[in-house]
Amino acid sequence: MTRHFLDVDDLSAAELETVLDRATALKAGAGPAAPDQPLPGRTLAMIFEKPSTRTRVSFETGMTQLGGHAIFLGPDDIHLGQGEPVRDTARAISRYADVIMARVFDHADVEALAEFATVPVVNGLTDDAHPCQTLADLLTIRERFGLEDTHVAWVGDGNNVAQSFVVGAALAGLEVTVATPPEYGIDEAVLDRAAAVGDAPTTTTDPAAAVADADVVYTDVWVSMGQEDRRQEKLAAFEGFQVTPDLLGTRPLMHCLPAHRGEEVTDDALESDNAIVWDQAENRLHAQKGLLVWLSEQ
């Protein structure tokens, strides 16, 4: 049976640990002359409806370092669900490539790709989930603090990044407190999924209360790609949720990037020594390499 990675709880807790272990080992031996190239001749097809810096560069570089090759398929290259049904795209690409990564708007599209593909499908981001980011987040936290007895405060929108993170944190055994405005919280179904694999996060509408006992603070944009028409509405709703040096204190700061400086986070907080966002961004590369190798072994 082909294994896919559409959200982080497609892995068990033990499998998550294995993927992170593999990522750590590959990171230790990374570089252009790295001898460990376990995917020689393999091809990753990368479907992009949404543009991205980190997703494209990390996956493409990762496949090169693993001995394989990546093909970029942007909106002008294929017509996902328009020129032909998603199921036909999945069937055709499966005959050419060894793995499909898709960064799309509608989560149903990655589900359809997975249903009809005969090779692994990886969710590079949808409006509902961003599991590859969660792998990088957990790798970063594990390197810095360990995954036991670490408390993370999420401050901001209960968006796709937050939803994958709270489920992944539950799998990994992290304690999480989420602070959002009342109308922008984590979906109840996602909280139930977190509870099913570990501990659901504590939720609050008070950012100061959320960070009080936290070891690290995590935030993300308030206005995600495709929500530009809701910009003024969301900026008003999130007043008081900006991560500033005062709110952050001496705690490390995480952000999945790109950041809207001056909105969810101040420039001085992001440029401070507390920010570990560049380590977090680098770990997209290593975490995804670990995932790709693990998928190839299933």
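**Helices and a sheet in a predicted model**

Let me begin with helix H5 (residues 131-144), which lies across E5, E8 and E9 and runs at about 165 degrees to E9, where helices (H or I, at least four residues) and strands (E, at least two) are DSSP runs numbered from the N terminus, and contact means heavy atoms within 4.5 Å. This is a predicted model, in which local features need pLDDT of at least 70 and side-chain atom pairs count only at pLDDT 80 or more, while totals for chains, interfaces and linings use all residues. Residues are numbered from 1 along each chain as its sequence is written, and side-chain values use heavy atoms, with hydrogens and water left out.

The sheet itself is open, with 5 strands in the order E7-E6-E5-E8-E9 and parallel pairing; two strands pair if DSSP finds at least two bridges between them. At its edges are strand E7 (202-204) and strand E9 (253-255), each of which pairs on one side only. Within the sheet, E5 (residues 151-155) is joined to E8 (residues 216-219) by 3 bridges, and Trp154 has Tyr218 in E8 as its bridge partner.

Helix H12 also lies across E8 and E9, running at about 40 degrees to E9; angles run from 0 to 180 degrees between N-to-C directions, and axes are lines fitted to C-alpha atoms, for helices over the stretch in contact.

Finally, H12 (residues 277-296) packs with H1 (residues 13-28) at an angle of about 120 degrees, their axes being 8 Å apart. The two helices are therefore oblique to each other, a term for angles that are not under 35 degrees (roughly parallel), over 145 (roughly antiparallel) or 65 to 115 (roughly perpendicular).
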